[in-house]
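Open the model in your viewer and switch to a cartoon view. This tour goes from one selection to the next.

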Amino acid sequence: MPVVWSDRCLLHEPDAEIWIGVRTPATEVPARIAAIRDSLDARVVEAEVHPNEALLQVHDPELPAYLASAWDEWEAAGLPEDPGQNRVVPYVFAHAALGARRAPAAVWARPGHFAYDTMTLVGPGTWEAARAAVDCALTAVDLVLGGEPVAYACTRPPGHHAGRACYGGSCYLNTLPSPPPRSSPGWTAPSPCWTSTRTTATGRRRSSTSGPTCSSARCTSTLAPAGSRTSSASPTRPATARTATCRCHRAQATSLGWRPSPSWPSGRTASPGSSSRSAWTPRPATPESPLEVTAPAFRSAGALLGGLGLPTVVVQEGGYDLERIGPLVREALLGLAEGRAA
């Protein structure tokens, strides 16, 4: 299958995360997708640039406009030198509860109008990389609409936590903003996301995004493990298994013993990846991630999706264990190819 790639995705260097006020090492780093690409033996397709109008299908225009200028404004204000902050990071959150109706004029106050955490920093290459991530995903869609049965977008930064008017959770722009035409019958874009529990130098462990989602015009579901809690940043809420609205999700739910959560709002396209606390985590069980998914299980899950025989776009989202992420993505994609051939 073609692997869509852009060197521009490597330009984003978050440098750090500010976690409960403490500066800790960044985890969403360029080495993630480099490790994946090094593990794959596939045809690489360069991402094509798509118009910015695609972003406006899922984002208010103020968000991409701010992200495009955030670093330049920060640097022009001299903030990397005084007080010495080399990344754009919010310190006050000017939201509606404070009576804010528009973004603050002060450069150092503006980030908190758009960001919802202090973990998602903006640097000199962040906008270019986030924009390239969208181009990778849309190029993969173009390839499948053009006749490829499957295409994989090997991309970062991820986009599943980005909101219509806000960014956070290491995500800046929704990675798959342009839905396929509703005139494309049977279109499904299941997007399994390979994740791992990330451990930082401070010893804290967090599970990151991972559940599969579907961009079928008929489907309004994402999947979450039974008994899990969904993140406040995720537009999902618990539901019963009866809400699985396409055979892609019904098959996954049956295989994995999960229940689906209806997406809210149920727009024309879903952000690739649900924000369940624990899903598809390739580590032994942890307090935050009780699932233990092995490499053969990733391959089986890929085969399950491939066996549906549907045109499929796979978009990389989470995954932070640099030693495991490449081999696990390879297993899942091999399974997807084997499932289609069976």
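Contact here means heavy atoms within 4.5 Å, and angles run from 0 to 180 degrees between N-to-C directions. Keep in mind that this is a predicted model.

**Stop 1: the sheet.** Select β4, β1, β5 and β10. These four strands form an open sheet, in the order β4-β1-β5-β10, with parallel pairing. Look at the edges next: β4 (44-46) and β10 (312-315) each pair on one side only. On average, neighbouring strands are turned by 30° against each other, direction ignored.

**Stop 2: inside the sheet.** Zoom in on β1 (residues 3-5) and β5 (residues 150-153). They pair in the parallel sense over two bridges. Which residue of β5 stands opposite valine 3? Tyrosine 152 does.

**Stop 3: helices across the sheet.** Helix α7 lies across β5 and β10, running at about 170° to β5.

**Stop 4: a helix pair.** The crossing of α6 past α7 is right-handed. Show side chains at the contact. On α6, pick Ala295, Phe298, Arg299, Gly302, Ala303, Leu305 and Gly306. On α7, the contact residues include Leu328, Glu331, Ala332, Leu334 and Gly335; Leu336, Glu338, Gly339 and Arg340 of α7 also take part. Colour the contact by residue class: eight are nonpolar, four polar and four charged.

Note on methods: Residues numbered from 1 in each chain as written. Predicted model: local features only at pLDDT ≥ 70, side-chain atom pairs only at ≥ 80, totals over all residues. Heavy atoms only, no water. Left-handed = near helix turned anticlockwise from the far one by under 90°. Nonpolar A, V, L, I, M, F, W, Y, C, P; charged D, E, K, R; others polar. Pairing = 2+ DSSP bridges.
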